[in-house]
Each structure stands twice: as C-alpha cells, then as structure tokens.
Amino acid sequence: DAGVIQSPRHEVTEMGQEVTLRCKPISGHNSLFWYRQTMMRGLELLIYFNNNVPIDDSGMPEDRFSAKMPNASFSTLKIQPSEPRDSAVYFCASSTRQVGMNTEAFFGQGTRLTVV
Amino acid sequence: AQKVTQAQTEISVVEKEDVTLDCVYETRDTTYYLFWYKQPPSGELVFLIRRNSFDEQNEISGRYSWNFQKSTSSFNFTITASQVVDSAVYFCALNRNNAGNMLTFGGGTRLMVKP
C-alpha cells in the first residue's frame, strides 16, 4: 500500500493567495483527518471526516479555512486568503472506524506551507 | 477537556543508555485510547503503539516498552539500549471523547542519541 499521499510536499505562496492542499487516504480507510503542526501550538486537529462527511470541524481556525472530501479517495484543505500565520506543516491522516474495529491513524508525509 | 503533558521537552543520551519518556494525561472519559508516535528528522509521523484504557498490561516490543498506569494517568515510554536512529521527536496522544483518531497530542519530547 502506498500509504497516505499528500501534495504538494512544499508550498510557498504570497499572502492573500489561495492555497489548496491535497490528500489521498489509504484505500479502504473511511476516516480522514487534517492536522496542523506549528512550533507555537504543536500538533492540532483541524477537521475529521467519516465516510466522506465532516464530523468535527471545531479545530478549523477561521472561515478562511475550508475542507472537502468529495469521495473516499480524495480530500482538500483550502486556505483563502492565506496569511503568514498559516505557515505550518499540514498533515493528513486516515484510519478505519467501524463497529467493533478502529485502527490507528496513518499519517502522510505532510505539506510544509510557507506564506510570505 | 482533554490534555496531554510531556514535561520533558528535550532529552540527550549517549548510545546504549536506557531512556524513559514521560507522558501524563487528563480526561473525563472512562474509555479512551493512548498513543505514541515518532517523528524522525524527515518529518513524517510514525505510529508506535495504541493502548486501550482498560488494558493496563505493560507492553514490550523489541527495545521499546510502555508502562501504562491509570492510577497516575501516565503512559510512559522506555527505549532500552538507545541507538542513534532513535533520535526523533516523540509524541504522546489521547483520543478525544473516545472518538477514534481525533487525537489530542502532547507537546513532544525531542530525543537526541549521541554516538
């Protein structure tokens, strides 16, 4: 299995621009998570999807952030407009969650976003 | 509210030394899972272990061992005979509201193993 695939690995953008981060979860996993890692706040959960439906988006920092999961094999995290304080490493993770079984989360390699 | 505390921000040891990474957690849930992840210099997060709150048995996997003590809300991680390749940041995590992999992470402990 290829694991969780994120693209791009690195993104540098100017303040005010739209940024879209992409994630392909592990095939067969029905839960998907977006996390953000910064020096100041550490690792924090942004949003959780189960069966393509957003379940908890309480970690999304503000309206500039949005996430979608149009199908079981693809998710996006969009920031519009981006700001320098959005600079961070964004991780996507996937797992299986169903009655009687709940696997651990497998993380992608992350997207390092720099907003200048 | 849930909280995970890793009081040791950085630990430095010499190769072959044993090292213990501390993790203390807070939760109101009666059922929960605890995790350890490793983040090597390359940046990815690597799963190490998951432990159910009802299972307080200690676990050993090669040079790694974990000590779960519910009475003190701790889930400590010991590396025996450390190696340079163990150098990484280690994160302890707790799932939120028994909700699968919605994880609350500790701040991480940076382990440096010197040859």
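1. In this predicted model, the largest pocket has a lining of 35 residues. Those lying nearest its centre are Q37(A), M39(A), Q39(B), V89(B) and R110(B). Two or more lining residues come from each of β4 (31–38), β9 (88–95) and β13 (111–115) of chain A, and from each of β10 (88–95) and β12 (109–114) of chain B.

2. The volume of the largest pocket is about 770 Å³. By class, its lining holds 13 nonpolar, 17 polar and five charged residues.

3. The second largest pocket contains about 160 Å³ of space. Its lining includes R41(A), E44(A) and G59(A) from chain A, and R96(B), F105(B) and G107(B) from chain B. β5 (42–50) of chain A and β11 (103–105) of chain B each supply at least two lining residues; β5(A) gives the most, with four. The lining of this second largest pocket divides into four nonpolar, five polar and three charged residues.

4. The contact between the chains involves 18 residues from chain A and 17 residues from chain B. The area buried between them is about 1600 Å², with carbon and sulfur atoms giving 55% of this. On the side of chain B, L45(B), N101(B) and M102(B) lose the most area to chain A, together 34% of what that side buries.

5. On the side of chain B that touches chain A, β5 (33–39), β6 (46–52) and β11 each give two or more residues, and β5(B) gives the most, with three. That side has nine nonpolar, five polar and three charged residues.

Notes
Residues are numbered from 1 along each chain as its sequence is written. Chains are lettered from A and ligands numbered from 1 in the order in which they are written. This is a predicted model: local features need pLDDT of at least 70, side-chain atom pairs count only at pLDDT 80 or more; totals for chains, interfaces and linings use all residues. Side-chain values use heavy atoms; hydrogens and water are left out. On a 1 Å grid over the protein atoms alone, a cavity is a set of points where a 1.4 Å probe fits but cannot get out, and a pocket is an open set with protein on both sides within 12 Å along at least five of seven lines; lining residues have an atom within 4 Å of a point. Grid points are joined across faces, edges and corners, and a volume is the space filled by probe spheres set on the points. Ala, Val, Leu, Ile, Met, Phe, Trp, Tyr, Cys and Pro count as nonpolar, Asp, Glu, Lys and Arg as charged, and the others, Gly among them, as polar. Contact means heavy atoms within 4.5 Å. Buried area is the accessible area (1.4 Å probe) that two parts lose on being put together, summed over both.
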